[in-house]
Amino acid sequence: MPDTVFDRIQSEIDGSPVFLYMKGTPMFPQCGFSARVVQILSHLGVPFGSANVLEEQELREGIKEFSQWPTIPQLYVKGEFVGGCDIITEMFQSGELETLLAEKGVEHKAQA
Amino acid sequence: MAMPANEIEALIKAALPDASVTIDDLAGDGDHYAATVVSEQFRGLSRVRQHQIVYAALRGRMGGELHALALQTSAPT
């Protein structure tokens with residue numbers, strides 16, 4: 001894998017406090033797992049950047065190698081890989097996701 | 001592009017012999033599964049690390065032959 005893909009990923013996850021690699025776009029997710037993570041982030045009122053791996057084969061393979069994680073979506077907070085759909089869902093339900101966002105100083109809507 | 005549930009279980013148990021593994025075939029198509037894996041080896045690890053161990057056990061099939069495996073991992077309570 002050329003370093004350029006890794007460099008690009010690194011600059012994306014450093015460039016936004018919250019960044020999502022997904023299938024489709026936040027407006028039009030093209031996979032149920034990606035859609036669920038978008039829904040959770042929207043519910044929490046978290047602004048996030050995203051990249052559509054379906055548009056770039058190189059990115060689709062590169063992101064899997066970058067994180068040693070075989071599936072999309074992948075969520076990064078402050079440059080750190082937090083998880084895919086299952087982990088994000090579980091963390092949202094337990095409140096851990098909000099705690100993480102608060103700890104990392106990421107803008108979001110406080111939950112009741 | 002499907003994979004039988006017992007094959008998934010066998011691969012996980014080969015890597016984590018102490019694990020208790022429960023697998024549900026969500027859509028009945030041999031392609032969308034939910035797995036719950038409980039192993040002492042997960043204790044103290046982050047969820048990402050726990051899932052990475054399971055993905056490693058599946059030796060590259062996840063994301064390829066196996067399209068969807070919803071994972072839940074934990075250490076025994």
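Biologist: In the hairpin of strand 3 of chain A and strand 4 of chain A, which residue takes a positive phi?

Modeller: Lys78(A) does, with a phi near 50°, and the hairpin has two residues between the strands. Please keep in mind that this is a predicted model, in which local features need pLDDT of at least 70, side-chain atom pairs count only at pLDDT 80 or more, and totals for chains, interfaces and linings use all residues. Residues are numbered from 1 along each chain as its sequence is written, while chains are lettered from A and ligands numbered from 1 in the order in which they are written.

Biologist: What makes strand 2 and strand 4 of chain A the edge strands?

Modeller: The open sheet has four strands in the order 2-1-3-4 in chain A, with mixed pairing, and strand 2 (49-52) and strand 4 (80-83) each pair on one side only. Strand 1 (residues 18-22) of chain A runs parallel to strand 2 of chain A, and four bridges join them; Tyr21(A) stands opposite Ala51(A) in strand 2.

Biologist: Why is helix 1 of chain A called roughly perpendicular to helix 3 of chain A?

Modeller: Axes are lines fitted to C-alpha atoms, for helices over the stretch in contact, and angles run from 0 to 180 degrees between N-to-C directions. The axes of helix 1 (residues 3-15) and helix 3 (residues 57-67) of chain A come within 10 Å and cross at roughly 75°. That makes the two helices of chain A roughly perpendicular, because angles of 65 to 115 degrees count as such, whereas those under 35 are roughly parallel, those over 145 roughly antiparallel and the rest oblique.

Biologist: Which residues of helix 1 of chain A meet helix 3 of chain A?

Modeller: Val5(A), Phe6(A) and Ile9(A) do, and their partners in helix 3 of chain A include Leu59(A) and Phe66(A). Residues are in contact if their C-beta atoms, placed from the backbone, lie within 7 Å.

Definitions and conventions: Two strands pair if DSSP finds at least two bridges between them. Two residues are in contact if their C-beta atoms, placed from the backbone, lie within 7 Å.
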